[in-house]
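Take a walk through this model by way of its side-chain contacts.

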Amino acid sequence: MATKPMHLAWFMNFTPDEWREPFGQGGSPWDGRFYIEMAQTLERACFDYIMIEDKLMVPQTYGGSRDIALKNAMMVPKHDPAPLATAMGMATSRLGVVATMSTMAYPPFLLARLCSTIDSLTRGRFGWNIVTSAEDLAAKNFNMDKLPLRETRYEMADEYLEVVNKLFASWDADAVVLDRENGIYVDPSKVRTIDHSGKHYQVRGPLNTVPSPQQKPLYVQAGASPRGRDFAARHADSIISVASGVKEMKAFRDDIRLRAEKIGRDPDEIKVLFCITPTLGETEFEAREKYKRQLSSEHFIIDTLSSLSAITEIDFAQFELDQPLPEKLVTNGESGTLDKFQQWGSGKTLRELVVDGGGGLVSSVELIGTPDQVAERMGEVMAEVGGDGFLITTPVLRVSRRYLAEVADGLVPALQKRGLARTSYKHELLRDTLREF
């Protein structure tokens, strides 16, 4: 059993909430109030942060059409995460809020300015989930025919991070002096241009925003490929991952920590959080029945496959559900997600791959049972992995107040009584909260 608290975060997106199920919310969360209440619930449960995923296109890979995505509300509609993160952050006082923003879509100056602004509005609790985007359909919305190759995207992202870090440092932390007597708001000697001229970006600077409470946002990343792991180990404060079982979880975390050490970073500064989709009930039997109902839902298979098709740009509608995949698939999209899903060599049918792990796209380890049973298992897993915590979500990222209550009022108290989750916040800034233990 783990002997120290684990970090807890939540992975969601600004799309329809759980709208089909009997205890759903109706599917119209667009004024943000439902998700603001969600953030307040997670703050009550002392989560580190809530992260909003994002995509920049209407999917049309599955079946070669937009129809399934639109009819099932899978990855569309999807609203911009940055305003929602601001609203959630201003409605809370300690919970971190993390928004996904693509290096493809934002010029570095614009992104740095936006991050600085939100970090000020949330009083130092903003994080940026760094993505390069992995869909040619998204590229077509930004004056491109298709994405660069993955290796080029990471090369561009490394330079992008160099630029934004220079921009965040273009004002000294004490540049604002507010000297009323001499009429000086900003000390000009503490603000400077960055004059960056690189292979992919040319930015003069400086930022035109004051230094935010964290100076720069918390950096979150989800690199799975070797190149992605290098990028995450170099830049990220928190890394999110989906693994296939405890052995793979430990191997991933150990690998990230080794990569960080090799470039001179303290690996304890990087918190690796593994995605999980716990199924909770008052009894283990009830939880397992709920799990079976979820997997047997008429929509579950299609929702999962259409989502997977969108992020890998492989049309899974072309394959027989009750046959193994005919070949090992490759993609210029999210390769880590694809590799985890297809389990090449397992002999499983496509249907079995979908249900494996309760929708294996976002489930690192099976967690089914009462809150006490699941909390006990989470502690055992963390003890074997070595840290650092979990990123809770649902198989297709939809959420209801019922599920939130099961986690916040059932699972979290079971973790807290075992000393596995914090019972109060000790810090104001998100980066400090994440490095508390």
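Asp237, Arg265, Glu269, Arg431 and Arg435 are linked in a network of salt bridges. Keep in mind that the model is predicted.

The structure holds 36 salt bridges. Another of them joins Glu151 to Arg227, with the closest N and O atoms 3.2 Å apart. This pair also links distant parts of the chain: Glu151 belongs to helix H6 (residues 150-168) and Arg227 to helix H7 (residues 226-235), 76 residues apart. Arg227 has a relative accessibility of 19%, so it counts as buried. The cut-off for buried is under 20%.

Asp322 and Arg351 give a further salt bridge, at 2.8 Å from N to O. Asp322 sits in the loop between helix H10 (300-312) and helix H11 (335-342), and Arg351 sits in helix H12 (residues 350-355), so the pair ties together parts 29 residues apart in sequence. Are these two side chains buried or partly exposed? Asp322 is partly exposed because its relative accessibility is 46%. Arg351 is partly exposed as well, with a relative accessible area of 34%.

Now look at Arg422. This residue lies in the loop between helix H14 (401-416) and helix H15 (430-434). Its relative accessible area is 5%, so Arg422 is buried. What do polar atoms of its side chain meet? The backbone oxygen of Cys46 lies 3.2 Å from one polar atom of the Arg422 side chain. The backbone oxygen of Thr433 also lies 3.2 Å from a polar atom of that side chain.

Arg402 brings a charge to a ring. The charged end of Arg402 sits over the ring of Phe23, 4.1 Å from the ring centre.

Turn next to contacts between rings. The count comes to 12 aromatic pairs. In one of them, the ring centres of Trp10 and Phe47 are 6.2 Å apart and the planes meet at 45°, so the pair is tilted. The two residues come from distant parts of the chain, 37 residues apart: Trp10 from strand E1 (residues 7-13), Phe47 from the loop between helix H1 (33-44) and strand E2 (49-53). Trp10 is buried because its relative accessible area is 1%. Phe47, at 0% relative accessibility, counts as buried too.

Trp128 and Tyr219 pair in another geometry. Their ring centres are 5.7 Å apart and their planes stand at 85°, so this pair is edge-to-face. Here strand E4 (residues 126-131) supplies Trp128 and strand E9 (residues 218-221) supplies Tyr219, linking parts of the chain 91 residues apart. Trp128 and Tyr219 are both buried. Elsewhere, Phe14, Trp30, Phe34 and Tyr35 form one aromatic cluster.

Which residues make a nonpolar surface patch of about 270 Å²? Leu178, Tyr185 and Val210 do. Of these, Tyr185 is found in strand E6 (residues 184-186). Tyr185 has a relative accessible area of 48%, so it counts as partly exposed. Patch residues must have over 30% relative accessible area.

How values were computed: Residues numbered from 1 in each chain as written. Predicted model: local features only at pLDDT ≥ 70, side-chain atom pairs only at ≥ 80, totals over all residues. Heavy atoms only, no water. Patch = residues over 30% accessible without salt bridge, like charges linked within 9 Å, V, L, I, M, F, W, Y side chains within 5 Å. Areas by Shrake-Rupley, 256 points an atom, 1.4 Å probe, with all protein chains shown as cover. Salt bridge = Lys/Arg side-chain N within 4 Å of Asp/Glu carboxyl O. Helix = DSSP H or I, 4+ residues; strand = E, 2+ residues; numbered from the N terminus. Buried < 20%, exposed > 50% of the residue type's maximum accessible area, 1.4 Å probe, protein only. Phe/Tyr/Trp six-rings, centres within 6.5 Å; stacked < 30°, edge-to-face > 60°. Lys NZ or Arg CZ within 6 Å of the ring centre and 35° of its normal. Polar contact = N/O pair within 3.5 Å; in protein donor to acceptor, adjacent residues only side chain to side chain.
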